[in-house]
Amino acid sequence: MNALALESIAVGSAGRGRTLGAYLTETQYELTRMIRNPGVAIPVLVLPCALYALFALLIAGEAIDKDANLGIFLFTAFSIMAVTMPALFGTGVTLALERDMGLLRLKRAQPAPPAAWVVAKIASGLVLAVLAYAPIVILALATGKVSLGAGQMAAFSAAIMVGTIPFCAMGLMIGSLASGTAAPAYANLIYLPGCYLSGMFFPMPASMYWQTPIWPHFHVKQFAMHLANVTGSQYESLPMAIGSMLGFTVVFAGITIWRLTRKG
Amino acid sequence: MNNPNTSENRLHALDAVRGFALLLGVAFHAALSFLPGVPPGMWFAIDSSTNAVLSDAAFVSHIFRMSLFFFIAGYFGRLLYQKLGARSFWANRLKRIFIPLVAGLIVLGPIVSFLWMTGITKVFGGKMPPMPEMPADFFPLGHLWFLYQLLLIYVAVVAIRALVARLDPAQKLRCFVDQAVSGSIRTMAGTFTLGLPLAAALMSLPQWFYWMGIPTPDMTLIPQVPASVGFGTAFGFGWLVHRSKDALAAITQRWFANLGIAIAATGWLLHSMHAQPVAQPGLTKTVYALVFGVALWGWVLGLTGAALRFLSNYSATRRYIADASYWIYLAHLPVVVALQIWVSHWPLNWAVKYPSILVVSFAVLFLSYHYLVRPTFIGQLLNGRKHPRKPQPPGSSPSPAAPPPADTVNGGPVAQLRGITKKYGAVTALNSIDIEVRRGELLAVLGPNGAGKSTAISLWLGLIEPDAGTVTLLGGEPQDIAHRRGLGVMMQDVELPKELKVRELVRLAASYYDDPMSVEDTLRRAGIEQLANRPYGKLSGGQKRQAQFAVAICGRPKVLFLDEPTVGLDVQAREALWASVRRMLADGCSVVLTTHYLEEAEALADRIAVITRGKVIASGSVDDMRALVACRQISCESRLSIAEVRTWPGVVEAQRTQERLNITATDAEGVVRQLLAADPALKRLEVRQAGLNEAFTELTREAA
């Protein structure tokens with residue numbers, strides 16, 4: 001066997017442990033970056049909890065004591081906001097910036113595992129989501145402003161965590177299409193109207209029902225309502241909600257892949 | 001091979017399609033316990049939660065999955081026959097198809113029977129129902145029927161082939177057929193007509209459940225008409241596609257239109273099936289059979305075309321999955337069915353159970369492949385080669401679809417571009433160039449802006465693929481991550497994350513490599529220990545380049561690509577970086593350096609390649625390069641006009657700086673003679689050997 005063939009073996013033997021290590025290191029530093037970047041971390045971590053405290057405790061506190069459904073409604077709205085914002089902004093804005101920086105090209109040239117940066121972004125988005133969601137749960141349980149059983153609470157939490165996936169995909173799509181400076185604007189332009197028009201922040205009048213399914217927020221909430229078995233707020237079937245979330249994810253991810261394979 | 005037009009690449013795509021068809025079969029069988037309205041006794045289990053959408057999805061996959069498999073089998077069948085000849089072909093099929101069929105029946109038969117009894121007992125509420133009367137020709141082929149059918153088709157097709165060869169010695173008929181095949185794909189007539197024989201066979205069925213599509217011939221050894229006609233057509237057409245030289249290109253072109261037709265036809269099928277699930281004699285049945293054929297061929301040609309279009313490059317992951325798919329399909333049934341029976345009464349939604357069955361089944365099957373099949377004789381039997389746990393040297397694999405053997409001459413090039421052409425739209429960035437980097441040398445790639453330097457580097461880094469030619473990096477393809485683990489890279493116009501400290505950046509990059517240097521060693525080598533804990537965003541321009549250099553060398557690379565590494569560095573930082581590069585060279589690392597600074601190439605390079613307008617116009621050592629143009633620099637104080645001097649023979653370039661006239665000349669003596677004759681007042685004459693700068697000007701001017 002000649003020297004280069006031997007060398008090929010040497011360069012070819014990727015330890016499985018090392019690959020896993022690369023994923024973990026990538027994720028760890030992705031999270032480090034997000035936390036060290038106050039522009040991302042503060043609005044994402046503090047805003048939903050602060051808004052929840054304002055609405056559920058101060059403004060609607062008494063109304064919730066009379067109508068438990070209102071408590072669930074507000075809790076749902078701000079919880080979904082808390083988990084989807086890091087998923088969207090954490091992946092999308094940072095991806096757009098990294099594309100501008102040429103970092104994505106560098107990673108493709110380096111022997112980084114090809115999916116590592118995506119996995120790192122999604123994983124750290126999820127960690128941030130948990131960090132943003134936890135104070136809302138604690139606040140809600142401590143003040144008794146939400147009337148869900150332990151099982152329901154667990155199912156709801158799991159559901160909205162799954163619900164971050166279409167938002168991760170949306171973030172990646174925006175990040176792959178827009179420049180670093182434009183990405184936050186586009187993300188807000190899609191995200192914020194969706195919060196209102198999907199009926200997540202306040203109930204829609206019947207004349208507006210037709211347009212709620214075009215927002216991923218709507219399906220995430222429906223998915224959570226089914227899994228947590230909150231019967232009063234189910235407007236579409238469970239397969240429909242799952243199918244729609246899946247559909248959004250596939251379309252967003254598809255556009256991202258199409259765009260990144262063309263532009264890198 | 002990176003050229004998407006080579007046959008190897010097509011085989012990668014077709015392999016992927018075959019793997020997809022087989023894995024889709026696993027998903028199909030896993031769905032069968034969740035279908036609403038299936039009478040007990042039809043399948044191993046009936047789940048407590050059923051779903052109509054899943055039923056529709058399973059129906060759609062069932063329209064085409066086996067035909068797709070047979071189509072690809074036909075293509076590979078002829079390829080194998082051409083390659084091996086009749087005798088070895090049959091020996092090969094005996095090993096790959098017949099032995100797995102017999103072994104599968106012997107090993108899986110009892111397990112599947114046991115699961116059948118267990119499952120049926122559970123379906124009928126704990127009591128085993130009486131066994132129905134079996135027909136005289138009953139033979140339980142189970143899901144391995146396709147191997148038996150395949151063998152039958154091989155016999156038929158090889159017989160037809162022999163007959164045609166006898167009847168058509170001048171190949172006239174065959175030429176006509178080849179043209180008809182590619183024409184039928186290009187005009188899309190094939191999508192609409194290839195299903196006709198099958199439609200006729202389906203129409204003649206006395207009882208046809210639309211959902212079942214082509215009735216599965218899994219109960220008898222006697223060939224069944226619809227299956228033989230349908231799968232025979234698919235196989236035969238695959239065989240003919242391999243004959244015809246344009247057919248694959250036509251399939252690739254029409255992928256989108258074919259998928260569009262498939263989706264439209266499938267929509268109609270679903271709609272009619274919901275209205276009436278069992279065929280009644282009459283017009284609807286006829287139309288249904290015809291549309292079924294159109295949908296089937298739309299999917300087969302559309303999916304194959306899409307794969308050729310998008311999956312034609314080599315991917316280690318896809319290769320692995322394609323290799324695994326045969327084993328997985330052979331072995332999946334007991335695993336899937338056991339899980340279906342186990343979970344069938346659990347009070348959970350199908351949306352939880354079905355994905356869980358898939359995840360667990362695939363996990364079990366892939367693990368069994370990885371540990372029991374791939375490295376053992378079973379893998380050798382099924383896929384024709386055994387993969388030892390440790391990766392093999394490239395080129396040792398006998399499979400036709402494996403990556404091509406690399407040119408691994410001892411002491412040969414570590415990175416190579418051979419016959420590379422790369423175009424961006426109408427602009428040709430590289431025009432059939434050859435460059436190689438030898439072991440332990442520093443190759444400087446010089447050229448003006450837009451010459452194609454960065455394109456060459458991007459090819460070696462696997463960022464882009466050439467339109468023609470071969471890129472080799474450390475004996476393999478740069479797209480293969482295993483080969484990229486031997487490279488280090490410092491690119492132009494890249495910013496690293498500003499929030500991370502230099503130490504963290506190095507640690508992150510080191511995590512990609514198998515045997516990296518420690519972070520401390522790396523920083524010491526790059527001469528930036530003192531910057532370890534500074535965030536990247538707070539570094540100066542020169543310090544940033546040094547940090548990027550540290551990132552490039554942390555993995556002990558065998559080849560280091562430095563794209564304009566010293567742009568924006570002050571003299572001190574540049575000298576420091578040069579020293580680091582020299583240390584890498586001394587350790588046996590090969591370096592490719594692109595640069596605008598000629599003194600950088602003169603200071604570091606063993607060899608220089610000059611690229612202009614996508615062509616290598618010269619390559620050799622620094623001295624070679626000077627000798628090649630043999631330019632000398634003449635300098636004097638003179639009143640002569642540069643316009644006049646430029647017209648003299650032997651003058652390459654003339655310039656004036658205040659009093660002094662600077663002339664670059666190939667024939668220095670002749671020019672000096674002429675100078676003295678033309679201007680008697682000439683003073684302070686100097687003649688010296690030209691630097692690389694002048695040589696370079698000369699070279700690029702010649703090329704222009």
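A nonpolar core, as I use the term here, is a set of buried Ala, Val, Leu, Ile, Met, Phe, Trp, Tyr and Cys residues joined through side-chain atoms within 4.5 Å. Please bear in mind that this is a predicted model.

With that definition, the largest nonpolar core has 122 residues, and F70(B), F71(B), F146(B) and V241(B) have the most contacts inside it. Helix α2 of chain B, residues 52-123, supplies the largest share of this core, 24 residues. Which residues is F146(B) in contact with, leaving aside its neighbours within four places in sequence? They are M66(B), F69(B), F70(B), Y326(B), Y329(B) and L330(B). There is also a second, separate core of 88 residues, which includes I433(B), V445(B), V489(B) and C589(B).

I turn next to a helix in chain B. In helix α6, residues 196-203, the buried residues are L198(B), A199(B), A201(B) and L202(B). Seen down the axis of α6(B), these buried residues fall within an arc of 160°, and therefore they line one face of the helix. As for their partners, the buried residues of α6(B) pack against α7 (225-243) and α10 (283-310) of chain B.

The sheet in chain B comes next. Three strands form an open sheet in the order β2-β1-β4, with antiparallel pairing. Its edge strands are β2 (427-438) and β4 (468-473) of chain B, each of which pairs on one side only. From one strand to the next, the twist averages 15°. Strand β1 of chain B, residues 413-424, pairs with β4(B) in the antiparallel sense over five bridges, and A415(B) stands opposite L473(B) in β4(B). Helix α14 of chain B, residues 453-460, lies across β1, β2 and β4 of that chain and runs at about 120° to β1(B).

Finally, the aromatic residues. Over all chains, the structure holds 44 aromatic pairs. In one of them, the rings of Y52(A) and F75(A) have their centres 6.3 Å apart and their planes at 70°, so this pair is edge-to-face. The pair links distant parts of the chain, since Y52(A) belongs to helix α3 (residues 38-59) and F75(A) to helix α5 (residues 68-101) of chain A, 23 residues apart. Are these two residues buried or exposed? Both Y52(A) and F75(A) are buried. Ring pairs also link Y52(A) and F75(A) into a cluster with F55(A), F78(A), Y133(A), F156(A), Y196(A), F201(A) and F202(A).

Technical notes
Residues are numbered from 1 along each chain as its sequence is written. Chains are lettered from A and ligands numbered from 1 in the order in which they are written. This is a predicted model: local features need pLDDT of at least 70, side-chain atom pairs count only at pLDDT 80 or more; totals for chains, interfaces and linings use all residues. Side-chain values use heavy atoms; hydrogens and water are left out. Rings of Phe, Tyr and Trp (its six-membered ring) pair if their centres lie within 6.5 Å; planes under 30 degrees apart count as stacked, over 60 as edge-to-face and the rest as tilted. Helices (H or I, at least four residues) and strands (E, at least two) are DSSP runs, numbered from the N terminus. Buried means under 20% relative accessible area, exposed over 50%, partly exposed in between (1.4 Å probe, protein chains only). Two strands pair if DSSP finds at least two bridges between them. Axes are lines fitted to C-alpha atoms, for helices over the stretch in contact, and angles run from 0 to 180 degrees between N-to-C directions. Contact means heavy atoms within 4.5 Å. The arc is that of the directions from the helix axis to the C-beta atoms.
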